[in-house]
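These are notes for a colleague who is opening this structure for the first time. The points can be read in order, beside the sequence and the model.

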Amino acid sequence: MNKKSVVRVLVRFRNVNFAQDIVDLQPDNQTINIHVKRDLSRLVVNNQQTDWSFKVDEFIHHSSQEDMYNSVAKNVVQQALNGYNGTIMCYGQTGAGKTYTMTGTTENFQYRGIIPRAIQQVFKEVEERIDYMFIVRVSYLEIYNENLFDLLFTLPDTPASDSQLAVVDDAQGVHVKGLSIHLTNNEEEALNFLFEGETNRVIGCHTLNKNSSRSHCIFTLYIESRKRNSSDDKYLTSKLNMVDLAGSERLHKTGSEGQMMREALYINKSLSFLEQTILALADPRREHVPFRQCKLTHVLKDSIGMNNNTVLVANVYGNAEQIEETVRTASRIP
């Protein structure tokens, strides 16, 4: 990982049967070494790679949801309140903990994920910054099989759209035409929008995950602020995107067939385009960044890289059975 990169990368391990003899986490909290024993059961020459070393900004293991949030998101949210666009994305193998990291669970307060904690931080700051006026709005977008859907379409105040949602890139920046954006006055209202959208997501079931996300979902906070009693009526604006990416899949492991196989192909294709985009952003020699290759990267065009705060969380397994996919996920880190 190039420290001058515009994307900050963290790795979070799922705490299931961690293989300490295979995955070696170094004391610097940034280096991950993986060693796989060579298969000598066949009477043939095996030149397959057995050792890898990955350097990231930070790895997270045996950490609480609160510690994870402080490492991953707290600074990005703070900067969004100061007018800087930000994006936090979770990616990795299906079932590795992306949705748990991003939204957490509602049964227990301490298991909340990044989105509800970000909402809490934003409205706490709004209350404390008494010299400023704030306007906070939210939207919840789903990208399923390269089609865009409004996850808040079931709300009574959501305007009906006669046309399919579309990404528009104009003088005002990148936005999704037809996507409903809702004014929210406090933490409770924002959380209700989140929970409403969660009930409308597309999920599926396969051998690795009983509740596999079959789509990419982007929960966005739009923040406007200006100083009270100021002669300047201009607002400081920013967008904070929190993205729960659908999990990458090896079809022979998930056993996906039919519709689920078609979904997996769309998922893997868009994740490949996202990887290409981030690699282009991290390469100072690249003049062109391929944002328009897929809907996901196009929607996030003005919120990843450049002067924006971008954090990528790679969710991986640490157990021996999934080590091949863990290496594959880590290898895609820019």
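1. G178 is partly exposed, at a relative accessible area of 38%; buried means under 20% relative accessible area, exposed over 50%, and partly exposed in between, with a 1.4 Å probe and protein chains only. G178 sits in the loop that runs from β10 (173-177) to β11 (182-184). Helices (H or I, at least four residues) and strands (E, at least two) are DSSP runs, numbered from the N terminus. Leaving aside residues up to four places away in sequence, G178 touches D150 and L165, where contact means heavy atoms within 4.5 Å. L165 is 13 residues from G178 along the chain, and their C-alpha atoms are 5.3 Å apart.

2. A word on the basis of these values. This is a predicted model, in which local features need pLDDT of at least 70 and side-chain atom pairs count only at pLDDT 80 or more, while totals for chains, interfaces and linings use all residues. Residues are numbered from 1 along each chain as its sequence is written, and side-chain values use heavy atoms, with hydrogens and water left out.

3. Which residues does UniProt list for "binding site"? The unreviewed entry gives G92, Q93, T94, G95, A96, G97, K98 and T99. UniProt positions are given in the numbering used here, feature names are shortened, and annotations may be inferred rather than shown by experiment. Among the listed residues, Q93 belongs to the loop between β6 (86-92) and α3 (98-102), and T94 is found in the loop between β6 and α3 as well. Q93 is buried, with a relative accessible area of 3%. T94 is also buried, at 2% relative accessibility.

4. An open sheet is made of three strands in the order β2-β3-β4, with antiparallel pairing. The edges are β2 (23-25) and β4 (51-55); each has a single partner strand, so one side of each has no neighbour in the sheet. On average, and with direction ignored, neighbouring strands of this sheet are turned by 15 degrees against each other. Axes are lines fitted to C-alpha atoms, for helices over the stretch in contact, and angles run from 0 to 180 degrees between N-to-C directions. Strands of a sheet pair through backbone hydrogen bonds, either parallel or antiparallel.

5. How many bridges join β2 to β3? Three bridges do, and the two strands run antiparallel; two strands count as paired if DSSP finds at least two bridges between them. V23 stands opposite I34 in β3. β2 and β3 form a hairpin with five residues between them, and N29 in the turn has a positive phi of about 65 degrees.

6. On its other pairing, strand β3 (residues 31-35) is joined to β4 by five bridges, again antiparallel. H35 faces D51 of β4, and N33 has S53 as its bridge partner in β4. Helix α9 (residues 323-331) lies across β2, β3 and β4 and runs at about 40 degrees to β4.

7. The whole structure holds ten salt bridges, a salt bridge being a side-chain nitrogen of Lys or Arg within 4 Å of a carboxyl oxygen of Asp or Glu. One of them joins K55 and D28, with the closest N and O atoms 3.0 Å apart. K55 is in strand β4 and D28 in the loop between β2 and β3, so the pair ties together parts that are 27 residues apart in sequence. K55 is partly exposed at 39% relative accessibility, and D28 is partly exposed at 36%.

8. R201 and D244 also meet in a salt bridge through their side chains, at 3.0 Å from N to O. This pair links distant parts of the chain, 43 residues apart: R201 is in the loop between α5 (187-199) and β12 (203-206), and D244 is in strand β15 (residues 236-244). Are R201 and D244 buried or exposed? Both are buried.

9. Within helix α9, R328 and E325 lie three residues apart, about one turn of the helix. They form a salt bridge, and their closest N and O atoms are 2.9 Å apart. R328 is partly exposed, with a relative accessible area of 26%, whereas E325 is buried at 1%.

10. Last, a network of salt bridges links D169, R292 and K301.
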